[in-house]
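Here are my notes for your reading. Please keep the model open beside them.

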Amino acid sequence: MSERQKPVLRVAIVGAGPAGIYAADLLLKAERPFQVSIDLFEQLPAPYGLVRYGVAPDHPRIKGIVNALRDVLDGGNIRFFGNVRFGTDITLDDLKRHYNAVIFTTGAIRDAELDIPGIELLGSFGASQFVSWYDGHPDVPRDWPLDHTSAAVIGNGNVALDVARMLAKHAEDLLPTEVPANVYDRLVASPITDVHIFGRRGPIQVRFTPLELRELGELRDVDIILDDADFGVDESDERSIATSKQLLVINRILTEWRSRETGRASRRIHLHFYSRPAEILGSDRVTGLRVERTAPDGEGGAHGTGEFREFPVDAVYRAVGYFGSPLDGVPFDDRRGVIPNRAGRAIDDEDERVHGVYASGWIKRGPVGLIGATKSDAMETVQALLGDQSEWWSPSEPDTDAIPRMLEARGIRYTTVQGWHRLDAHERALGEAQQRERVKVVPREEMVEISDPPATAQPT
Ligand SMILES: Cc1cc2nc3c(=O)[nH]c(=O)nc-3n(C[C@H](O)[C@H](O)[C@H](O)COP(=O)(O)OP(=O)(O)OC[C@H]3O[C@@H](n4cnc5c(N)ncnc54)[C@H](O)[C@@H]3O)c2cc1C
């Protein structure tokens, strides 16, 4: 059978982060007895999800992953509909009318909760809000109250390191990056001198990755302060170090830092281990953080000791994990913040398959893992979808023109791959004028305006 005679599988993918784009790529590359037509819907005017709006601006190597993602979008076989939000602009019924199946790759974009007294005080922030601000996300306020001289960061994962680094790093050292202009201006004026990072468990139980941890010690004019009392506490550390290369390197980094001379830098990052946040202090705004000393429980966890300490800080950032958001008409696990699934196939409360609905990326397995992991994730989901032919939806309106018609009839000003090229070129040109990689356009309307979608220029 020639390629043109083969039946067409029409797939909608919702979410144009790495998981969505990798899923599209794998669908196109898979061995299959049918043609594939893919429409990628994204609530933001630009693609790439957390690669654009999560990865820190001073991680250009990681940001460079967009080049590979861009090649997939440019392949000409995927239609991109940006500025289209599932749940408001399009619904599950719409998708059933036009496609054989949908893959949700909507990620996790809000902060997991931390239920301690004082969490609601002024000056207590979720890391995701701060990250969105410094990465120029169009849907968060343009300004950030960076008036604190000392801040606490709760968490021992890479996001905590990003937040601490962005707070402590001298703004001039961010200038060559794609940090947005309004963010740079705010950071230059920041009076911060001390950032305290708190982790519940010990230095060998952290979730940092070595590369990101090492980076902290390379910041100009920033001392790293460690407390000797946090080391050699857990007898199982030696065993952990002997069995994990990652922990071995982390231990080496921390040991080297402990022997460094400190006292000359104008800013400091303090790493506190065995410290469980118990209460954020303050009456109308944050004035401190109360932590309980913990001790190892012998099983990789820690228990409270009843000994409390207070740290005067003007702001608290909780970096205790991200959390997925429910999608209208799609099963959702409130506890884990994911679409419940088996190998990417959505399942309902009764543990039954929800035909035609698939998940991949952080919304499938929770907000852990690096960008690379979303590729293996997508592979599993795509295999499942391709093997389920008898369960696909039978769309009543499979016509490819029906989608742009529907969006236009609803007054939705969607962006396209060609529009993204225009915005990308615009941002790069702004950057070039200042010897920078790019200068991001932040307001949504301006992003859409520059993308200026021609309604008919999409490949079909
Ligand atoms: C602060 C931070 C820093 C990170 N740094 C690194 C790093 O340095 N290196 C690394 O490898 N990994 C890093 N990661 C992890 C990496 O970002 C994730 O592994 C990856 O982005 C997950 O991909 P995803 O496609 O599942 O989700 P996302 O990247 O979040 O993409 C989901 C997309 O879905 C869209 N969407 C959501 N809801 C809807 C809706 N209703 N309708 C339409 N579209 C919707 C979103 O706008 C988004 O574009 C970092 C993560 C965070 C949070």
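Which residues does UniProt list for "binding site"?

1. The unreviewed UniProt entry gives Ala-19, Glu-42, Leu-50, Trp-362, Gly-369, Leu-370 and Ile-371. Such annotations may be inferred rather than shown by experiment.

2. Bear in mind that this is a predicted model: local features need pLDDT of at least 70, side-chain atom pairs count only at pLDDT 80 or more, and totals for chains, interfaces and linings use all residues. Residues are numbered from 1 along each chain as its sequence is written.

3. Take Trp-362. It lies in helix α12, residues 362–365 (a helix is a DSSP run of H or I, at least four residues). Trp-362 has 29 other C-beta atoms within 10 Å, so it is buried (20 or more is buried, 12 or fewer exposed, in between partly exposed). Beyond residues up to four places away in sequence, Trp-362 touches Ala-19, Gly-107, Ala-108, Gly-324 and Pro-367 (contact: C-beta atoms, placed from the backbone, within 7 Å).

4. Ile-371 sits in the loop between α12 and α13. Ile-371 is buried too, with 20 C-beta neighbours inside 10 Å. Its contacts, leaving aside neighbours within four places in sequence, are Pro-18, Val-51 and Ile-65.

5. Now the helix pair. Helix α1 (residues 18–29) packs against helix α13 (residues 373–387) at about 50°, with axes 8 Å apart. The two helices are therefore oblique to each other (under 35 degrees is roughly parallel, over 145 roughly antiparallel, 65 to 115 roughly perpendicular, the rest oblique).

6. Which residues of α1 meet α13? They are Pro-18, Ala-19, Tyr-22, Ala-23, Leu-26 and Leu-27. Their partners in α13 include Thr-374, Lys-375 and Met-379.

Conventions: Axes are lines fitted to C-alpha atoms, for helices over the stretch in contact, and angles run from 0 to 180 degrees between N-to-C directions. Two residues are in contact if their C-beta atoms, placed from the backbone, lie within 7 Å.
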